[in-house]
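Me: I would like a close look at a single part of this model, namely the interface of the two chains. Please take me through it in one connected answer.

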There are 2 protein chains.
Amino acid sequence: MTTIRKVAELAGVSTATVSRTLAHPDQVRKETRDLVLDAIRTVGFVPNRQAVDFRRRSTKNVVLLVRDITNPFYLEIYRGIEELAFANGYRVLMGDARGDNERVLRYVDMVRNRQADGLILMMGWLPAELTDANMPTTVVALEMLADYNFPAVAVDNRKGARIAVEHLLALGHRRIAYVGGPARLQMSTDRYQGYVDALVAAGIAPDADLTLPGDFHLAAGRAAVRHLHERQIDYTAIFLSNDEMAVGAVNELRSLGRRVPDDVSVIGFDDVDFALSSDPPLTSVRQPRLEVGRRAMQMMVDLLSGKKLTTRLYEADVELVVRSSTAPVSTKKA
Amino acid sequence: MTTIRKVAELAGVSTATVSRTLAHPDQVRKETRDLVLDAIRTVGFVPNRQAVDFRRRSTKNVVLLVRDITNPFYLEIYRGIEELAFANGYRVLMGDARGDNERVLRYVDMVRNRQADGLILMMGWLPAELTDANMPTTVVALEMLADYNFPAVAVDNRKGARIAVEHLLALGHRRIAYVGGPARLQMSTDRYQGYVDALVAAGIAPDADLTLPGDFHLAAGRAAVRHLHERQIDYTAIFLSNDEMAVGAVNELRSLGRRVPDDVSVIGFDDVDFALSSDPPLTSVRQPRLEVGRRAMQMMVDLLSGKKLTTRLYEADVELVVRSSTAPVSTKKA
DNA sequence: CTGTTAGCGCGTTCAT
DNA sequence: ATGAACGCGCTAACAG
């Protein structure tokens, strides 16, 4: 292990000068600076980051704590976060909450104990013992923590649902069914609101018969379609609040002998990978996940560098991706 | 910030005793130990891990460097790695290689510079300047690095392909097409070998007409089916070396008016999430991904704790998951 | 068993 | 512009 002392010795200067040459080059005369840099090169000196960070009381670590690390939806967000962390010299520690209080506490403690400088949260709850006051520097992405006052990167779920339904309305659909998400999630409420917004704006009263519960799982999509079928409820389009349920709906419709999109238009939400590979490729609402990750990390960097945040809430835009699971209602009669 | 000194003061002992109470409780008389623990509790002392690690010259960090962080196949591996890291007091730093030498080098340097104790690799190449000699403690998972001598956790791809084809043979299929993976990957070769193994064991000579190239993407599956169709090559089953291509094949078969599995049996590899949700649910070869992650991290822990590795190569077993995309060849005539 | 002493490798005053 | 000296918070000999 080659230390700063050896470099100093070889260059014939003090360790302080070596340190300065690295941290504040402008405070060192060019002549001696070159001397030091030469010595560094010949000795192959590389500062011990552990010592540097210890001295500086910074870690350049950020903990990324997610509800469920296996959620494929997070993948691009991971990339966005890692990308900006890398660019800013930060490291990302990955934490998987798994609905386990103890795990969450241990990861939060990591940053409390100065093992990391900040915490990026992608989950919608926190153990009760964690209060706004005793939490470290935190940024929330994707979800909302109502009881806390964290800066956040969110997605305009309400708008997403609205433009999805507007798309169906523009295609001439009037009887549009809706399948929701887990009731406790803010995003479920938001998406439902967007659905209602669009209908109301089109002068259509939301019909309770067409509003079905869901839990974001495949089976819920199937169940919803079956339910509508058994009750002989008439509809020409169905909007499911995530893609997995939409795929379930398509499968069930097919097995009931109804064609998509000829008989029923189907639209999902999230635009996950398999939305493209499903048959037919699914029309869906795309969230800029890469962007969400980048923004969250950028917020963290700003926060940690003492910069004032321009906004404590960044709301990412959404867009409709039209594929082949939606079609004009008229084709049904063709 | 409450330090070890305050605790010592309050407990009326030396800082060394406080340190010992935490690190080697058995070396401290129960009486004084309780005294110290009391003091710790009342002061709310929590050791500064940065200082501890600095002093001990350990970081308890492991860098996880993957070829492409957005690959959904890795998800469960992430979980397995995080799980054992968490259980052993390690932290996982996530690194995304993205085919970029500079990124790889920076992550490797992290462990060289004592920012991390070890490196877990999930990629099949390394920049040329990285040699076996100048690499830190490393474990490879899933892929193989032929030019290096790292301990590794692998998957028995050859066997996986073999049992897939044996399944088809048992269903009475004789004309079984095969779609390969990227040629430069070891796993592509292995899976092809398994396909051949099964055929040969059944006394069937591999037919070049039935062996098609692929790249693990959806379109390759479609293309393969179209190719066979256009050339009017006869086959009753098709084995694709990953699930994404298998889904593409199913889609194309459907649009050609051929039913799955009634007319053609389709089987994939990997058993990714959407294999279950595709229509029909896909028969596939499952790799124990959670297990792969766990093993890799366990190897790392063993390595770092100076334990002798029992095996430098752990080969995980695979299993066939039979769903509805495969059926006896006879039903075709039904 | 416990206290004293001496650093780990570096950044940063405060002199000069 | 540079050097001497100190200390970050903790652990690890070495005595006692």
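Reply: A polar contact is here a pair of N or O atoms within 3.5 Å, where within protein one atom must be able to donate a hydrogen and the other to accept it. By that rule, and bearing in mind that this is a predicted model, 26 residue pairs are in polar contact across the interface of chain B and chain A, both residues of each pair being at pLDDT 80 or more. On the side of chain B that touches chain A, two or more residues come from each of the helices α4 (49–56), α5 (75–87), α6 (101–112), α10 (243–255) and α11 (273–277), and from the strand β2 (91–96). Of these elements, α5(B) gives the most, with 7 residues, and the residues of this side of chain B divide into 18 nonpolar, 13 polar and 17 charged.

As for charged pairs, the count between chain B and chain A is 10 salt bridges. One of them joins A:R79 to B:D96, with the closest N and O atoms 2.9 Å apart.

Counted by residues, 48 of chain B are in contact with 48 of chain A. The size of an interface is also often given as the accessible area lost when the parts come together. Counted by area, chain B and chain A bury about 4,700 Å² between them, with 59% of it on carbon and sulfur atoms. Within chain B, the residues that lose the most area to chain A are B:Q50, B:F86 and B:M94, which together account for 17% of what that side buries.

The rule gives 17 aromatic pairs over all chains. In the pair of A:F54 and B:F54, the ring centres are 5.0 Å apart and the planes stand at 35°, so the pair counts as tilted, given that planes under 30 degrees apart would count as stacked and those over 60 as edge-to-face. This pair crosses between chains, running from helix α4 (residues 49–56) of chain A to helix α4 of chain B.

A record bears on this region of chain A as well: an unreviewed UniProt entry lists residues 2–56 of chain A as "domain: HTH lacI-type". Over that stretch of chain A, the chain is 71% helix and 0% strand, and the C-alpha atoms at its ends are 20 Å apart.

Terms used. Residues are numbered from 1 along each chain as its sequence is written. Chains are lettered from A and ligands numbered from 1 in the order in which they are written. This is a predicted model: local features need pLDDT of at least 70, side-chain atom pairs count only at pLDDT 80 or more; totals for chains, interfaces and linings use all residues. Side-chain values use heavy atoms; hydrogens and water are left out. UniProt positions are given in the numbering used here, feature names are shortened, and annotations may be inferred rather than shown by experiment. Helices (H or I, at least four residues) and strands (E, at least two) are DSSP runs, numbered from the N terminus. Contact means heavy atoms within 4.5 Å. Buried area is the accessible area (1.4 Å probe) that two parts lose on being put together, summed over both. A salt bridge is a side-chain nitrogen of Lys or Arg within 4 Å of a carboxyl oxygen of Asp or Glu. A polar contact is a pair of N or O atoms within 3.5 Å; within protein, one must be able to donate a hydrogen and the other to accept it, and residues adjacent in sequence count only if both atoms are side-chain atoms. Ala, Val, Leu, Ile, Met, Phe, Trp, Tyr, Cys and Pro count as nonpolar, Asp, Glu, Lys and Arg as charged, and the others, Gly among them, as polar. Rings of Phe, Tyr and Trp (its six-membered ring) pair if their centres lie within 6.5 Å; planes under 30 degrees apart count as stacked, over 60 as edge-to-face and the rest as tilted.
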